[in-house]
Amino acid sequence: MKPRRLGNVSIPDEELIKDKKECKKIGPCGIGKKAVYLSSFYIDRRYYIPISSVKRIFKRIAMSKGGFTGKGVFGTLSYLVVVYEDGKEKQCNFKHEEDVDRFLAYIEEEYPDIPVHSLEAERKLAEKERWLAEKQRERNVSEETKRCLVKLEQAEQYLKKQSDIYMDLSQSAKKKRTYDRSNPAYKWVALAIVLMGGAAFVYGIYALTTHAGFGMYFLLFGLAAIFLFAGANVLPTSKNNKNYIEKRLTESISQMEEYIRVYPDFPVPAYYAHPIVLKRMQEIMKEGRARNIPEALQVLKKDLKALNSSVVVEKEEYDEVVAIKPMFLVMDYK
């Protein structure tokens with residue numbers, strides 16, 4: 001199906017169809033060489049906006065995560081927002097927030113001129129940068145610290161060239177952490193309930209066709225059980241078991257090791273190689289809490305250990321912490 005245009009700029013049909021076919025698909029949306037492809041409520045990549053018309057792309061959280069705890073059936077609703085032309089917006093709902101992060105990371109990698117923060121978030125980040133710059137000017141920064149800052153910034157830019165690699169590392173660590181904290185018995189209880197739901201569903205169909213009583217109730221119960229637990233990532237499946245999750249984490253670390261192998265003296269181990277890790281280490285050094293890279297990494301570990309569910313942080317910092325803290329937890333902060 002040919003996507004529909006949003007805005008005033010068109011792309012010739014032949015180029016559009018080819019670009020959509022070859023675009024990088026992330027969640028219900030896609031990123032091509034000529035356009036971004038956005039979803040409607042029911043259809044993936046139903047609309048397109050030419051890259052030249054895109055002014056800004058950012059993440060919007062429509063509902064808080066219960067005070068950043070992630071608890072609750074409707075803990076969060078994640079949206080990708082594209083601002084184009086003269087301030088028009090198109091908002092797309094994503095089932096998984098990590099797909100929004102992956103989309104933005106790829107935009108930052110392929111189209112660095114497109115801002116990936118809202119105006120408000122951009123303002124806060126600029127204020128933080130000015131504050132860090134003032135702190136750095138107030139201190140007599142040593143030449144060693146200056147060299148370390150340059151080294152960290154260059155390494156950060158190197159990682160951003162391959163967003164899929166560091167995103168896979170972060171997501172596999174999150175998956176491993178979630179699995180480790182889950183009670184294995186819950187998975188088998190969920191499987192039993194789904195099987196009971198399937199049996200109730202089959203019986204409900206039989207009862208309706210034979211006009212037996214309560215058939216509709218069995219039908220609805222079966223459907224509810226199947227959809228609830230199938231969508232809750234609780235069931236033990238081929239991609240939700242200990243061996244698969246540990247293998248995925250090992251592979252993501254190996255992939256990162258291979259990527260940074262050609263980089264001379266990469267500043268952190270492969271299992272911590274994420275742009276946010278390097279960014280926060282730079283901030284630590286600019287604040288004067290560390291003089292060199294090993295010290296900055298140790299301070300970052302202490303900062304992450306101190307952050308728990310009882311600590312209130314800004315949304316921007318929360319996004320950074322949830323992206324990197326699982327990487328440190330699964331490695332036991334070594």
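**Figure 1. Strand S7 of the predicted model has buried residues on both of its faces.** Ser78, Leu80, Val82 and Tyr84 point one way from strand S7, while Tyr79, Val81 and Val83 point the other way, and all of them are buried. In a regular strand the side chains alternate between the two faces of the sheet. Strand S7 is mostly covered, with seven of its seven residues buried.

**Figure 2. Strands S6, S7 and S8 form an open sheet.** The order of the strands is S6-S7-S8, and the pairing is antiparallel. Strand S6 (54-61) and strand S8 stand at the edges with a single partner strand each, so one side of each has no neighbour in the sheet. Neighbouring strands of this sheet are turned against each other by 20° on average, direction ignored. Helix H2 packs on the sheet and touches S6, S7 and S8. The direction of H2 makes about 155° with that of S6.

**Figure 3. Bridges join strand S7 to S6 and to S8.** Between S6 and S7, which run antiparallel, there are seven bridges. Phe58 stands opposite Val81 in S7. Seven bridges also join S7 (residues 78-84) to strand S8 (residues 88-94), and these two strands run antiparallel as well. Leu80 stands opposite Cys92 in S8, and the bridge partner of Val83 in S8 is Glu89.

**Figure 4. Three residues lie between the strands in the hairpin of S7 and S8.** Within this hairpin, Glu85 takes a positive phi near 50°.

**Figure 5. Glu97 belongs to helix H2.** Helix H2 covers residues 97-110. Is Glu97 buried or exposed? The relative accessible area of Glu97 is 11%, which is under the 20% cut-off, so this residue counts as buried. Leu80 is 17 residues away from Glu97 along the chain, and the C-alpha atoms of the two residues are separated by 9.3 Å. Leu80 itself is one of the buried residues of S7.

**Figure 6. Five strands form an open sheet with mixed pairing.** The strands follow the order S1-S5-S4-S3-S2. Strand S1 (4-5) and strand S2 (24-26) are the edge strands, and each pairs on one side only. Helix H1 (residues 13-22) packs on this sheet, where it touches S2, strand S4 (35-38) and strand S5 (47-50). The direction of H1 makes about 70° with that of S4.

**Figure 7. Strands S2 and S3 run antiparallel.** Three bridges join S2 to strand S3, which holds residues 29-31. Ile26 has Cys29 in S3 as its bridge partner.

**Figure 8. Helix H10 spans residues 293-306.** The helix has 14 residues and reaches 20 Å from its first C-alpha to its last, close to the 20 Å expected at 1.5 Å a residue. At the start of H10, a side-chain oxygen of Asn292 comes to within 3.0 Å of the backbone nitrogen of Glu295.

**Figure 9. Several residues of helix H10 are buried.** Ile293, Ala296, Leu297, Val299, Leu300, Lys301 and Leu304 are the buried residues in H10. An α-helix has 3.6 residues a turn, so residues three or four places apart point the same way. Which helices are included in the cover of the buried residues of H10? Helix H4 (143-159), helix H9 (275-286) and helix H11 (315-330) are among the elements that cover them.

**Figure 10. The whole chain has 334 residues, of which 43% are buried.** The chain contains 11 helices and eight strands. Among contacts in the chain with a separation of 6 or more, 63% are between residues 24 or more positions apart.

Terms used
Residues are numbered from 1 along each chain as its sequence is written. This is a predicted model: local features need pLDDT of at least 70, side-chain atom pairs count only at pLDDT 80 or more; totals for chains, interfaces and linings use all residues. Side-chain values use heavy atoms; hydrogens and water are left out. Two strands pair if DSSP finds at least two bridges between them. Helices (H or I, at least four residues) and strands (E, at least two) are DSSP runs, numbered from the N terminus. Contact means heavy atoms within 4.5 Å. Axes are lines fitted to C-alpha atoms, for helices over the stretch in contact, and angles run from 0 to 180 degrees between N-to-C directions. Buried means under 20% relative accessible area, exposed over 50%, partly exposed in between (1.4 Å probe, protein chains only). The expected span of a helix is 1.5 Å times one less than its number of residues. A polar contact is a pair of N or O atoms within 3.5 Å; within protein, one must be able to donate a hydrogen and the other to accept it, and residues adjacent in sequence count only if both atoms are side-chain atoms.
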